[in-house]
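Hello,

Here is the structure I promised to pass on to you. Please open it alongside this email, and then read on for what turned up in it.

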Amino acid sequence: MSSLVEYKGDPVVVIGLGRFGTSLALELTRRGTEVLAIDHRPKITQGLAGRITQIATADATDMEALRQLGVPDFYQAVVAVGSDIEASILTTSLLVELEINDIWAKAVSTQHGRILSRIGAHHVVFPEHDMGERVAHLVSGRMLDYMQVDEDFAIAKTIPPKEYVGVPLGRSNLRRKYGVTIVAVKPPDEEFTYATAETELSYGDIVLVSGRTEQVERFAELP
């Protein structure tokens, strides 16, 4: 699973202000990235005025509209249009034609994603699928949070199994036995700190554990 990170703080164009696009534009703005948000619905753009660096009401499937808004000057663009697949594909193709260096596109299905990749999107994301996968891990097990970092690598926030409480991590054989690494530890009412070979886990701690997806899932299920 890819994650969207702005390139060296360069401005980002976000096209489509549904739930995903709005959340993305607001978060990028909060992090200090200059954002140009575009949507064809005046009610939506008016409601977000003042909360995003720049916002415009325009038809992103119109090449001239994109040029007038200065989209060709941006390094990175996100096509957050989802429900209107035709508009998503056309908008992405126009960004490719404009030679935008880094194009992210939201897909609502595997077929949609394949088309976006074929026409030139550099990254395709599946927000609903990824969120559903994350929630499934949280609902079905003891994980407190979960993130799929790559196709077969994950990081989870969980509680330490009983067998590792009171044992220095350097003597726990954790990686050899379960194939995972405890990256950080958060004692009750404290902040996360990096784990070391001398770190001893206690009841009430929360740990960040990383490894292959199946191994992380197995570790999180230990009593």
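Below are some notes on a handful of residues, grouped by where they sit.

One thing to keep in mind from the start: this is a predicted model.

Let me begin with the backbone. Most residues other than glycine have a negative phi. Two residues here go the other way. E99 has a positive phi of about 60°, although it is not a glycine. You will find E99 in the loop that runs between α4 (85–97) and β5 (102–106). Is E99 buried or exposed? With a relative accessible area of 67%, E99 is exposed, because anything over 50% counts as such.

The other residue is N173, whose phi is positive at about 55° although N173 is not a glycine. N173 is also a loop residue, placed between β8 (153–158) and α7 (174–178). Its relative accessible area is 41%, so N173 is partly exposed.

Next, please look at strand β8, where F153 is located. F153 has 30% relative accessibility and therefore counts as partly exposed. Together with M147 and V149, F153 makes a nonpolar surface patch of about 230 Å².

How does T213 count in terms of accessibility, buried or exposed? T213 counts as buried, because its relative accessibility is 11% and the cut-off for buried is under 20%. Leaving aside residues up to four places away in sequence, T213 touches Y146, Q148, E151, D152, F153 and A154.

**Around F126**

The last stop is F126, in the loop between β6 (123–125) and α6 (127–140). At 26% relative accessibility, F126 counts as partly exposed. Which residues does F126 touch, not counting those up to four places away in sequence? They are A107, S109, T110 and G113. As for G113, it is 13 residues from F126 in sequence, and the two are 8.1 Å apart in space, C-alpha to C-alpha.

Happy exploring, and do write back with any questions!

Best wishes

Notes: Residues numbered from 1 in each chain as written. Predicted model: local features only at pLDDT ≥ 70, side-chain atom pairs only at ≥ 80, totals over all residues. Heavy atoms only, no water. Helix = DSSP H or I, 4+ residues; strand = E, 2+ residues; numbered from the N terminus. Buried < 20%, exposed > 50% of the residue type's maximum accessible area, 1.4 Å probe, protein only. Patch = residues over 30% accessible without salt bridge, like charges linked within 9 Å, V, L, I, M, F, W, Y side chains within 5 Å. Areas by Shrake-Rupley, 256 points an atom, 1.4 Å probe, with all protein chains shown as cover. Salt bridge = Lys/Arg side-chain N within 4 Å of Asp/Glu carboxyl O. Contact = heavy atoms within 4.5 Å.
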